[in-house]
Amino acid sequence: MTLNTFKNVLFSALFLAISFAGYAIEDSDNKDDKEFNAKEMILHHVKDAHEFHIFDWKGKPISIPLPIILWTDNGLTTFMSSAFHHDDSGKTIVEKNGGKFVKFHEKIYQLEAGANAVSFDAEHHPTNASKPLNISITRNVFMMWVSVIVLLLIFFATARRYKKSDDNVPTGIAGFIEPLVVFVRDEIGKPMIGERKYKRYMPYLLTIFFFIWINNIFGLIPILNGANLSGNIAFTCTLAVFTFIITTFSGNKNYWKHIFWMPGVPVPMKIFLMPIEIIGMFVKPISLMIRLFANITAGHVIILALMSLIFVFKSVAIAPVSVAFSLFITVIEIIVTAIQAYIFTILSALYFGMATEEEHH
C-alpha cells in the first residue's frame, strides 16, 4: 500500500466514522426532543474536568475517574470522581467524612449542615453550599504529570544514546531531539540573549519549549478528550510568572536604569516614561499568558464549533463540509502547537536578553 493510498483510506475511514457517529447522536437527540446546545458542549470540552470522558455506550457515559481531594472543616476528604455517577448538575450527593458534596459545573461544593439538596438563586448560583479547598487531581493536572513523565523518558533515552555512542553521533530518538535543542540554542538563545550569557538560561528555555509543545500535542488527541492544558489560564499564568521572576532577578544596572530613569532623554520625559516602563514590566508576562491561552483555546473552539454544525442544522448532509473543515483546522493546529511553544520561548528569551543587556558607550 502506497503512502497516498494509506492517506486516502485513513481519511475515508475517519470521515465515515465521524459521519455515522454524528447521525447516531442526531437520531438520539430527535427521539428525546432535546435541543442541542453548542455553547454548553464547547465549554464542557475546553474547561478542566474531574474525569476523562471517553465515549457513550448505549446511552451511558464511559469514563476514567480521577481522585477528588478536598480540605474541609473536618480535615482531608478523599474519594473518586465516579462517586458522582457522571452527574454535573448538583443532584447527586456524596457523603464522606461527615460532609455532603455535590458537583456543579465541574466545581465541588459542600452542602451546609442539614441541607439535603442544593438551592440556587436567580442567577443559578448555589446558596446553601460553599467551595472547600479543592486540590483534586483533575484531567489537566493528570496530563501535566503525564507530559513530565514523557519528557523525562525522552531525554533520559536521548542521554543513554549519547553515552553508548563512541563518536557522539545521535541515533534513534537522539537524532530527533538534537536538532530541536540546537534550534533553541542557535535560533532563540544566542540571538536573543547573546553569546556570553545564553547558557545559564538554556535549561529554562528548553524546558518551556518542550513542555508547552508536548502539552499542546496532547490537547489534540481525541481519546484524551482534549486535555486542554495550554488552554487553561492558570497554566499559562504560572509559566508567565516564572518568566517574569527570572527576568526581574536577572535585571542588571542598565536594565533598571532604563525603567526608572531613562538615559538620553530630558528630565520631564524621564518622569513621564518611568510609570510606562513600570507598567510594561507587568504587561510583558501578561501578554505571554494571554497569547498562549487564547491561541490554543481558539483552536479547540473552532474545531468543536465546526463539528457542532451537524447537530445545529440537524442534518447529516452538512457532515462532509463540517468534517472536512474540522480536519483542515486540526492540521493547522498541529503546526500551531509548535509555533506557540516557539513564540513563548523566544519572547521569554527576548525579555532575558533585555534584562541582561550591557550599557553601550
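Phe101 has Gln110 in S7 as its bridge partner. This is a predicted model, where local features need pLDDT of at least 70 and side-chain atom pairs count only at pLDDT 80 or more, while totals for chains, interfaces and linings use all residues. Residues are numbered from 1 along each chain as its sequence is written, and side-chain values use heavy atoms, with hydrogens and water left out.

Strand S6 (residues 99-104) and S7 run antiparallel and are joined by four bridges; two strands pair if DSSP finds at least two bridges between them. Strands are DSSP runs (E, at least two residues) and helices likewise (H or I, at least four), numbered from the N terminus. Two residues sit between the strands in the S6 and S7 hairpin, and His105 there takes a positive phi near 55 degrees. On to S8 (residues 129-130): two bridges join this strand to S7, again antiparallel, and Leu111 pairs with Ala129. Four of the five residues of S7 (residues 107-111) are buried, so the strand is largely enclosed by the rest of the structure. Buried means under 20% relative accessible area, exposed over 50%, and partly exposed in between (1.4 Å probe, protein chains only).

Beyond its neighbours within four places in sequence, Ile193 is in contact (heavy atoms within 4.5 Å) with residues including Tyr198, Leu205 and Phe352.
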